[in-house]
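Have the sequence and the model open side by side, and try each task before reading its solution.

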Amino acid sequence: MKRLLPALLAALCIPLAACNTFYAEAEQPRVCLTVPPQSFTIPGGGIVAPPGGFTGTWSGQVDLGIGNTLPDFLVNGSTDTHVLRFLDLEATLTSTGATNFDWLQNLSVTVSSGVVTQQLAFYDGGLTRGARTLTLEPVNPDNNLVTFLRNGNMVVFLTGTAAVPAGSPVPSTWTASITTCLYAKVRETLQEMTNK
């Protein structure tokens, strides 16, 4: 069952005198979605890094399940009437696979419409040694992601590089609980809303 968050109930009706039309606005400033733990494989991992170290790339995807959390009227529509923005993504390692992010050299989070790909966030180092949680901020906070929704849902793609110095263990997998936070807003005529 979808949760109707309090901010959604604060819809405003705005009369436009010129055409005697009413518009309804609804806004959810921040909604956070946590998906079940996700696992990613590091090709060539599960070894001790050889002389010269180990470097390898990995990738995977995560279905955010937006349609299970936000009502359809808030996310289904055109970019003229709907806004969906990426606020942040947090990945916290579980006990399966890698025990910290020391091996992570970089990480890119993207979304694709099948035609256009857009980068949401990028990590290029800087975590404290032994860190188990990684938080990524948006590359462009103003990007509208509505065009990347498919049937009310969105899939994000994670691509990264593992870099491990010689003699250190290279994880074969990493598993994390992933939380993504979004901003959503809709402005439609009452007729458009009731026709859905």
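**Exercise 1. Describe the largest pocket: its volume and its lining.**

Start with the volume, which is about 270 Å³ for the largest pocket. A pocket here is an open set of points on a 1 Å grid over the protein atoms alone, with protein on both sides within 12 Å along at least five of seven lines; lining residues have an atom within 4 Å of a point. A volume is the space filled by probe spheres set on the points, which are joined across faces, edges and corners.

Next, the lining: 14 residues, with N100, D102, W103, S168 and P169 nearest the centre.

The model is predicted: local features need pLDDT of at least 70 and side-chain atom pairs 80 or more, while totals for chains, interfaces and linings use all residues. Residues are numbered from 1 along each chain as its sequence is written, and side-chain values use heavy atoms, without hydrogens and water.

**Exercise 2. Work out the strand order of the open sheet that 4 strands form.**

The order reads β4-β9-β6-β7, with antiparallel pairing (two strands pair if DSSP finds at least two bridges between them). Now look at the edges: β4 (54-63) and β7 (117-123) each have a single partner strand, so one side of each lacks a neighbour in the sheet.

Finally, zoom in on β6 (residues 104-112), which pairs with β9 over 7 bridges. There, N106 stands opposite T161 in β9.

Definitions and conventions:
On a 1 Å grid over the protein atoms alone, a cavity is a set of points where a 1.4 Å probe fits but cannot get out, and a pocket is an open set with protein on both sides within 12 Å along at least five of seven lines; lining residues have an atom within 4 Å of a point. Helices (H or I, at least four residues) and strands (E, at least two) are DSSP runs, numbered from the N terminus.
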